[in-house]
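Thanks for coming. I will go through one model this morning, from the whole chain down to a few residues.

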Amino acid sequence: MKEINITTSFLVFDTLEELPNDIQDLMIQAVEIRKKAYAPYSKFRVGVALLLDNGKIILGSNQENAAYPSGLCAERVAIFHAGSIYPEAKILKMAITAASDLNQTHAPIPPCGSCRQSIAEYEIKQDTPIEIYFMGEIGVIYQSASLKNLLPFMFDKKFL
């Protein structure tokens, strides 16, 4: 038997103003689209802004459905939209923000497991890391240089 130690590394920004200008803009767009989320059941709104290598910005917000699990998370809304409109483009950066209608979210909210798997698919497909920035409604922002920090044991096509 042996032990495996996995270390991940994140940058932590104390405020939006501390972020590089392009990421501030991306996060502000994520905040605005978050406000348009359709979340009547969970009351938990998520917004995402993607920066593609062609300069386009793709937005997404979570879309719920009374028939769970028919809704879709904001990350997958944005990723699948980008993949359908710009199939050859690479996703360079992703800004995620989440807020509850019931209480203020202070901690950075990372992508859920299903979204991590979807992000992994695109990161592997494009053979380029996706920088991921995530925050709550207020508070610090975490930056991961790659999805591999959030999902070190990725399941991908090489296992099939």
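**Overall fold and a few local points**

Let me start with contacts: of those in the protein chain with a separation of 6 or more, 67% are between residues 24 or more positions apart. Please keep in mind that this is a predicted model.

The protein chain has three helices and six strands. In sequence order the pattern is β-α-β-β-α-β-α-β-β. As for overall dimensions, the C-alpha atoms fill a box of roughly 45 × 40 × 35 Å along the principal axes.

On burial, 43% of the 160 residues count as buried. The chain exposes about 8800 Å², and carbon and sulfur atoms supply 56% of that area. For charge, there are 15 positive and 18 negative side chains, with the centres of the two sets 5 Å apart.

What does the record say? The unreviewed UniProt entry annotates residues 21-149 as "domain: CMP/dCMP-type deaminase". In the model, that span is 31% helix and 26% strand, and its end C-alpha atoms lie 23 Å apart.

Helix α3 covers residues 113-126, and Gln126 lies in it. Is Gln126 buried or exposed? Its relative accessibility is 9%, and the cut-off for buried is under 20%, so Gln126 counts as buried. Leaving aside residues up to four places away in sequence, Gln126 touches Ala89, Lys90 and Ile91. Ser70 is 56 residues from Gln126 along the chain, and their C-alpha atoms are separated by 28 Å.

Next comes Asp127, in the loop between α3 and β5 (131-135). Asp127 counts as exposed because its relative accessibility is 70%.

That brings me to backbone geometry. Most residues other than glycine have a negative phi, and most peptide bonds are trans. Asp127 is not a glycine, yet has a positive phi of about 55 degrees. Lys43, also not a glycine, has a positive phi of about 60 degrees. Lys43 is in the loop between α1 (21-34) and β2 (44-52), and with a relative accessible area of 32% Lys43 is partly exposed.

Which peptide bond is cis? The one from Tyr68 to Pro69, with omega near 0 degrees. Pro69 sits in the loop between β3 (57-61) and α2 (74-85).

That is what I had; I will take questions now.

Conventions
Residues numbered from 1 in each chain as written. Predicted model: local features only at pLDDT ≥ 70, side-chain atom pairs only at ≥ 80, totals over all residues. Heavy atoms only, no water. UniProt positions renumbered as here; feature names shortened; annotations may be inferred. Helix = DSSP H or I, 4+ residues; strand = E, 2+ residues; numbered from the N terminus. Buried < 20%, exposed > 50% of the residue type's maximum accessible area, 1.4 Å probe, protein only. Contact = heavy atoms within 4.5 Å. Areas by Shrake-Rupley, 256 points an atom, 1.4 Å probe, with all protein chains shown as cover. Lys, Arg positive; Asp, Glu negative; His and termini not counted. Charge placed at Lys NZ, Arg CZ, Asp CG, Glu CD.
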